[in-house]
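Hi everyone, thanks for coming. Please take a look at the structure on the screen, and then I'll walk you through a few parts of it.

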Amino acid sequence: QVQLVESGGGLVQAGGSLRLSCLASGDTFSSLNMGWFRQAPGKERVFAAQISWSGDSSYYEDSVKGRFTISRDNAKNTVYLQMNNLKPEDTAVYYCAAPKRAGLWNYEYWGQGTQVTVTS
């Protein structure tokens, strides 16, 4: 089982930047694809970005393309989400997610989330 702990959220003005981090436990992290999701107030949790186990491939939801960058450091068991040019509509709880095993893109393990609030 993988345990995930997010950090780096906070309060930022529109146009600002934040970098979220997600530290994973265990020795399987380097073989797992990883994802970031977000849940805005009163809405369902939705996909934001994901990255392959090697870091060679990444995918983004349309509204964050060109502003968010997902990356990973397998030596540190950490996946990052760099968020630039933040907008009020990016306000949400951001969750890191991992699949049950290598090769999968459906997520079964979730962190506790970190709050991002963007003011106008």
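Let me start with how the elements are named: helices (H or I, at least four residues) and strands (E, at least two) are DSSP runs, numbered from the N terminus. What you see is a predicted model, in which local features need pLDDT of at least 70 and side-chain atom pairs count only at pLDDT 80 or more, while totals for chains, interfaces and linings use all residues. Residues are numbered from 1 along each chain as its sequence is written, and side-chain values use heavy atoms, with hydrogens and water left out.

Our way in is Thr 78, which belongs to strand β8, residues 78-83. Is Thr 78 buried or exposed? Its relative accessible area is 8%, so Thr 78 is buried; here buried means under 20%, exposed over 50%, and partly exposed in between, with a 1.4 Å probe and protein chains only. A polar atom of the Thr 78 side chain sits 2.8 Å from the backbone oxygen of Lys 76. If we skip neighbours within four places in sequence, Thr 78 is in contact (heavy atoms within 4.5 Å) with Ser 21, Cys 22, Leu 23, Phe 29, Arg 72 and Asp 73.

Now step back one residue. Asn 77 is in the loop between β7 (68-73) and β8, and its phi is near 55 degrees, a positive value in a residue other than glycine. Asn 77 counts as buried because its relative accessibility is 18%. The hairpin of β7 and β8 has four residues between the strands. These two strands run antiparallel and are joined by six bridges; strands count as paired if DSSP finds at least two bridges between them. Within that pairing, Phe 68 stands opposite Met 83 in β8. Strand β7 has two faces: Phe 68, Ile 70 and Arg 72 are on the covered one, and Thr 69, Ser 71 and Asp 73 on the uncovered one.

At the other end of β8, Asn 85 is in the loop between β8 and β9 (92-98). Asn 85 also has a positive phi, near 50 degrees. With a relative accessible area of 42%, Asn 85 is partly exposed.

Let's move to the core. A nonpolar core is a set of buried Ala, Val, Leu, Ile, Met, Phe, Trp, Tyr and Cys residues joined through side-chain atoms within 4.5 Å. The largest one has 28 residues, and those with the most contacts inside it are Leu 4, Met 34, Trp 36, Val 79, Leu 81, Met 83 and Tyr 94. Two or more residues come from each of β3 (18-24), β4 (34-39), β5 (45-51), β7, β8, β9 and β11 (114-119). Beyond its neighbours within four places in sequence, Met 34 is in contact with several residues, including Leu 4, Ile 70, Val 79 and Tyr 107.

Next come the charges. How many salt bridges does the structure hold? There are three, where a salt bridge is a side-chain nitrogen of Lys or Arg within 4 Å of a carboxyl oxygen of Asp or Glu. Arg 38 meets Asp 90 at 2.9 Å, N to O. That pair links distant parts of the chain, 52 residues apart, with Arg 38 in strand β4 and Asp 90 in the loop between β8 and β9. Arg 67 also forms a salt bridge with Asp 90, the closest N and O atoms being 2.7 Å apart. Together, Arg 38, Arg 67 and Asp 90 are linked in a network of salt bridges. Asp 90 counts as buried because its relative accessibility is 1%. Then there is Lys 65 with Asp 62, at 3.1 Å, N to O; Asp 62 counts as exposed, at 60% relative accessibility.

Last, the rings. Rings of Phe, Tyr and Trp (its six-membered ring) pair if their centres lie within 6.5 Å; planes under 30 degrees apart count as stacked, over 60 as edge-to-face and the rest as tilted. The count comes to four aromatic pairs. Phe 37 and Phe 47 have ring centres 5.8 Å apart and planes at 75 degrees, so they are edge-to-face. Phe 37 lies in strand β4 and Phe 47 in strand β5, so this pair ties together parts ten residues apart in sequence. Phe 37 and Tyr 107 are also edge-to-face, at 5.4 Å centre to centre and 75 degrees between the planes. Ring pairs link Phe 37, Phe 47, Tyr 107 and Trp 110 into a cluster.

Terms used. A polar contact is a pair of N or O atoms within 3.5 Å; within protein, one must be able to donate a hydrogen and the other to accept it, and residues adjacent in sequence count only if both atoms are side-chain atoms.
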